[in-house]
Amino acid sequence: MIAYALRRLGYGAVVLVLVTVIVFVIMRLVPGDAVSLQLQEVGASKEEADALRAEFGLDAPVWVQLWNWLGGVVQGDLGTSFYSREPVVDLFLARVPVTIQLGLLAILVGSLLGLTIGVVAAVTRGSAVDGTLRLIAVAFLSVPNFVVALLTLTALAIWFAWSPPLVYAGPTEDFASWAQQVAIPVLALGTGGMAAVARLTRSSMLESLGSDYIRTVRAKGVREKTVVLKHALRNSTIAVLTLLGLELATILGGTVIIEQMFGLPGTGQLIYQAVLDRDYPVVVACTIFYAALFVIMIIVIDLLYALVDPRIRHGRALS
Amino acid sequence: MTQENLLTDTQPAAPPRPACAPAEAPRPPRRSTVRRVVRGVRDFVRAQPLGATALVLICLFVLIAILAPVVAPYDPIVQHRRNILEPPSAEFLLGTDDLGRDVLSRAIHGARTSLVIGVMTTLISLALGTAIGVVSGYFGRGLDIVIQRVMDAVQAIPGIVLLLFIAVVLGPSVRNTIIALTVVITPSFNRIARAETLRVRQEPYVEAARATGAGAPRILTRHILPNMIASVFTLGSLIFAGVIIAESALSFLGIGAPPPTPSWGLMLSEGVRYVERAPWLIVVPAIALSIAVFSFNLLGDALRDHLDPRVQRLVVQERRGWWGRRLISRLAPSLAQGAERLESTDTRTGGTGRVPDPPR
């Protein structure tokens, strides 16, 4: 088990190094760097520009820059922002909580709503309720999350003349304001996951409900509510766990637009601004952070998954 | 059965025989291909009513996009300065925006922008990804390892981050949007093409071809490609929907098509400021975008169901992975196995509805 985990981690590290190389290559392939962009407005001389480049290490060949950067990572130094001159690590850590909050809340909302819809649809299979719920699920799978957010915003603005507060306040500073601001983003991010979870729950519930062990439970005289919620649903949760694991990376990637739209100071906003400013150290660090998060999360979920489901142990094929 | 075939079957004219080859032995008549396509479409429509509905919607979408200048009541970038932020009326059916431009005309031309970017991106990345995947899968060894590691790395970056990065680095334009999207999507096609090639490569007929002395180019183009292309095209239909979303996301962020271009994403971002005064600025492009994506998803699902089950499973797996989750099977094999099992369950429900009777 440990060797297995280590092998996955090693492979993940190789992938991350490759990601870094790709990011560096794309970035240096294009004309115009941060320095010339920054100095265009000021109208600085060529000497000043060269001095700045030397300060940021931009005058060295790409490969040297890449090597220096990787060397820095090992020492916990991800570079310094071209603009604010702050260490990227600090900028980043200041913004991580918002993104994590959003991601986790979205997952929570998505899975709760999705499970409910899925169970109700499975139990009322074939009825109008089932049809409506299924249609809702398919619709939410197709509407992109930023469109969901925009439509919600529009509806609330028209019908209730309500719009979220403009300035972000952390949940510990001003909980009411925070809740108002985060509500729509969380719903918008959660609905995509909700639809996927609902569909999966429904189909795996139907499968469970038709299986032999459920027939046995029913024959034993257990109440229908217990049959559904305890016996059938429990068997479906592993399915949902898998899906959520796969969904998490998408949600974290999807926060870029939502954070930008609602003025939430998370990592998505950071990377968006940095990309616009060509703030290379920040862009590189953020991109690689997202990739690393993805890789690590997938490995962790994989190990958890193998622990949770005794049928899935390594080296043994699923039937 | 390809999406292209499905879409173009309304022109059943057989391609003209080359005029310069009179002495050749008579070829089998080309009409049989057309007939086969027509029959394929008919079977598909009968077996998949939802898919057929989607097909009709898509044809409508394509027609509107092509005929945009004819269908649209106004020029999408002409500013009617006297009619700013006007609600829907007889003169402007869906109202006007903050610069007095007709929203209906912009939405119609927006379909064109989406279609151009969607078609170009899907075709280029399909061709590129398939070529890379087939070569990588067929020749294997070191080449395969290098190519696949690079593809893995590209996919480890969340799609939107990579898109943002490339699009900004290149600058906002329709062409650059296509390039950025192509970089992000190519690995998905590579993956499925490679998997299918690995399967087909071991078939007896490929062995036979190799035994008769056929070279690699011939085996690849005559034996491997025709036998794996169906799943690639099915994935193409699903990916098309994703491309439309990604395009509008990019232009929403202001780094896709530049401002005067009528694009749904751009319309949405311009409308945000007038949410209370002019909700139609949001609602119209949002509905247009959702219906387009919905139809392509539906068609993709239906095509997937219609093809044979083995293809289904691959496509489902790949579809889950197109937005940057493709590493999963290598990083997390048990997770991937579990997901595959679950998704084959999901596939049996057709994704969109019909659930077979549970076993009793």
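Tutor: Happy to! Let us begin with the terms: axes are lines fitted to C-alpha atoms, for helices over the stretch in contact, and angles run from 0 to 180 degrees between N-to-C directions. Please keep in mind that this is a predicted model. In chain A, helix α5 (residues 88-123) packs against helix α11 (residues 267-277) at an angle of about 130°, and their axes are 7 Å apart. That angle makes α5(A) oblique to α11(A).

Now for the residues that meet. From α5(A) come A:L91, A:F92, A:R95, A:V96 and A:T99, and from α11(A) come A:T267, A:G268 and A:L270. Sorted by class, this contact has 4 nonpolar, 3 polar and 1 charged residues.

A:L91 counts as buried because 22 other C-beta atoms lie within 10 Å, and the cut-off for buried is 20 or more. Leaving aside residues up to four places away in sequence, A:L91 touches A:S81, A:S84, A:E86, A:L270 and A:V282. Of these, A:L270 is worth a look: A:L91 and A:L270 are 179 residues apart along the chain, with their C-alpha atoms separated by 8.3 Å.

An unreviewed UniProt entry lists several spans of chain A under "transmembrane region", including residues 100-123 and 282-308. Two others that the entry lists are 135-162 and 182-201. In the model, residues 135-162 of chain A are 86% helix and 0% strand, with end C-alpha atoms 28 Å apart. Residues 182-201 of chain A are 100% helix and 0% strand, and their end C-alpha atoms lie 27 Å apart.

Conventions:
Residues numbered from 1 in each chain as written. Chains lettered and ligands numbered in written order. Predicted model: local features only at pLDDT ≥ 70, side-chain atom pairs only at ≥ 80, totals over all residues. Helix = DSSP H or I, 4+ residues; strand = E, 2+ residues; numbered from the N terminus. Parallel < 35°, antiparallel > 145°, perpendicular 65-115°, else oblique. Contact = placed C-beta atoms within 7 Å. Nonpolar A, V, L, I, M, F, W, Y, C, P; charged D, E, K, R; others polar. Buried ≥ 20, exposed ≤ 12 C-beta atoms within 10 Å, placed from the backbone. UniProt positions renumbered as here; feature names shortened; annotations may be inferred.
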